[in-house]
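Here are my notes on this model, point by point. Please read them with the structure open.

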Amino acid sequence: MTDDYQQSSEWAQQHRESLTTRHTHEDVLTDREFELLLEACSSLPEPKDPQTRFVCLAAGRLGLRAGEIAHFHAEWLDWDRMLLRIPQHEPCECGYCRRQATQETTHNEELTHEEAMEARWHPKTVASARSIPIDLSLRLELCLERFTNQYEAFPRSRSAVNRRVTAAAEAADIDGRVYPHAL
Ligand SMILES: [Zn+2]
């Protein structure tokens with residue numbers, strides 16, 4: 001057996017495994033499904049249409065987590081540099097932040113609920129505070145422009161982020177699990 005043959009058969013084996021093993025990213029939408037999802041947003045009644053389009057593009061094209069979308073603020077956008085800046089901290093007392101703070105105190109006895117709330121909202125990790133280019137497509141730019149013309153911040157709760165995606169998936173008739181992280 002030559003090295004080349006061995007290498008290629010190893011590669012073939014890996015390839016087969018990658019085709020047969022279930023991966024967490026298996027729920028990821030294809031480009032076609034994502035287009036259908038965006039198309040379906042237009043069929044949702046106001047104010048769900050602009051909100052859903054924003055959620056889908058923020059999750060699917062900017063890679064924002066649901067918690068980040070729910071805490072999105074128009075001030076995060078730097079239109080001069082065409083960047084979206086996710087801050088390390090944003091004062092917030094929403095229901096989601098309260099629940100997260102409670103959870104943090106159960107894992108850390110020295111942390112009071114008040115202290116945990118003072119740190120809220122913050123992204124998942126310190127490294128999650130980041131700048132994301134927004135000049136990826138005209139469609140994305142227009143969506144952000146229209147959304148921030150209408151809203152100063154995402155107007156609904158953390159759970160609404162998931163509900164918007166579910167509504168779009170149903171309207172687009174996409175089978176399987178569709179949720180923000182899958183976008
Ligand atoms: Zn919050």
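1. Start at Met117. Setting aside residues up to four places away in sequence, Met117 touches Glu93, Cys97 and Ala101. Met117 itself sits in helix H6, which spans residues 113-119. Arg99 is 18 residues from Met117 along the chain, and their C-alpha atoms are 9.6 Å apart.

2. Is Met117 buried, exposed or partly exposed? Met117 is partly exposed, because 19 other C-beta atoms lie within 10 Å. The cut-off for a buried residue is 20 or more.

3. Now the whole chain. The model is predicted. The protein has 8 helices and 3 strands. In sequence order the pattern reads α-α-α-α-β-β-α-α-β-α-α. Of its 183 residues, 22% count as buried. Take the contacts between residues at least 6 apart in sequence: 67% of these join residues at least 24 apart.

4. Next, the helix packing. Two packed helices are described by the angle between their axes and the distance between the axes.

5. H2 with H3. The crossing of H2 and H3 is left-handed. H2 brings Phe34, Leu37, Leu38 and Cys41 to the contact. From H3 come Asp49, Thr52, Arg53, Cys56 and Gly60. By type, the residues of the H2 and H3 contact are 5 nonpolar, 2 polar and 2 charged.

6. H3 with H7. The crossing of H3 and H7 is left-handed. On the H3 side the contact uses Pro50, Arg53, Phe54 and Leu57. On the H7 side it uses Leu140, Cys143, Arg146, Phe147 and Gln150. The residues of this H3 and H7 contact split into 6 nonpolar, 1 polar and 2 charged.

7. H3 with H8. The residues of the H3 and H8 contact comprise 6 nonpolar, 2 polar and 2 charged.

8. The core. The largest nonpolar core has 29 residues. Val55, Cys56, Ala58, Ala59, Ile69, Val165 and Ala168 have the most contacts inside it. Elements giving two or more residues to this core are H2, H3, helix H4 (66-70), helix H7 (138-150) and helix H8 (158-172).

9. Last, Ala59. Which residues does Ala59 contact, leaving aside neighbours within four places in sequence? Ala59 is in contact with Leu64, Ile69, Pro180 and Leu183. Ala59 and Ile69 are both listed among the core residues with the most contacts inside it.

How values were computed: Residues numbered from 1 in each chain as written. Predicted model: local features only at pLDDT ≥ 70, side-chain atom pairs only at ≥ 80, totals over all residues. Left-handed = near helix turned anticlockwise from the far one by under 90°. Helix = DSSP H or I, 4+ residues; strand = E, 2+ residues; numbered from the N terminus. Contact = placed C-beta atoms within 7 Å. Nonpolar A, V, L, I, M, F, W, Y, C, P; charged D, E, K, R; others polar. Core = buried A, V, L, I, M, F, W, Y, C linked by C-beta atoms within 7 Å. Buried ≥ 20, exposed ≤ 12 C-beta atoms within 10 Å, placed from the backbone.
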